[in-house]
Amino acid sequence: MPKVKMDDEMKTFAADVLESITQAKRGEFARVHTPANIATYRARGRPVGSVKDDSKQAVTVRYSPEVLAAFRATGAGWQTRMNDALKDWLNTHSPA
C-alpha cells in the first residue's frame with residue numbers, strides 16, 4: 001500500500017481509532033446499549049399523530065421564468081408567499 005501523508009488532525013483520529021480497537025479487544029466499552037436505556041432514547045421523526053388534516057401536498061408545476069424570478073426575488077419564504085397569492089386569487093376568481 002502506498003504511504004499516505006496525514007496531517008495532525010488525521011494522525012490524532014487514527015490514534016483514537018487504534019486505541020478504541022485496543023479497548024474493544026480488552027473487553028472495555030465506552031458505552032453499553034441495553035434494551036432498558038435504548039427504550040429511553042428519543043424517537044426520531046415526527047411524533048405519531050402530528051400530521052395535520054389540511055397538510056400541504058407536493059406537486060410538480062411549471063411556471064414562467066418571470067413569475068418564478070419575481071417570487072424568488074422576494075427572498076426566503078417565496079414558496080409560502082406564492083401559495084398565499086394563489087389563495088388570495090381564489091377568493092376573487094373561479095379556477096375553471
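Predicted model: local features only at pLDDT ≥ 70, side-chain atom pairs only at ≥ 80, totals over all residues.
Helix α1, which covers residues 8-25, has 18 residues and reaches 26 Å from its first C-alpha to its last, close to the 26 Å expected at 1.5 Å a residue.

**Helix α1 and its surroundings**

- After α1 comes Gly27, a residue whose phi is positive, near 90°.
- Phe13 is found in helix α1, and this residue also belongs to a nonpolar patch on the surface, which it forms with Val4, Met6, Met10, Val17, Leu18 and Ile21.
- Taken together, the residues of this nonpolar patch have about 660 Å² of accessible area.
- As a general point, an α-helix has 3.6 residues a turn, so residues three or four places apart point the same way.

**Secondary structure and dimensions**

- The C-alpha trace spans about 75 × 45 × 20 Å when taken along the principal axes of the chain.

**Burial and exposed surface**

- Of the 96 residues in the chain, 3% are buried, if burial is taken as under 20% relative accessible area.
- The chain exposes about 9600 Å², and carbon and sulfur atoms supply 58% of that area.

Note on methods:
Residues numbered from 1 in each chain as written. Heavy atoms only, no water. Helix = DSSP H or I, 4+ residues; strand = E, 2+ residues; numbered from the N terminus. Expected span 1.5 Å × (residues − 1). Patch = residues over 30% accessible without salt bridge, like charges linked within 9 Å, V, L, I, M, F, W, Y side chains within 5 Å. Areas by Shrake-Rupley, 256 points an atom, 1.4 Å probe, with all protein chains shown as cover. Salt bridge = Lys/Arg side-chain N within 4 Å of Asp/Glu carboxyl O. Buried < 20%, exposed > 50% of the residue type's maximum accessible area, 1.4 Å probe, protein only.
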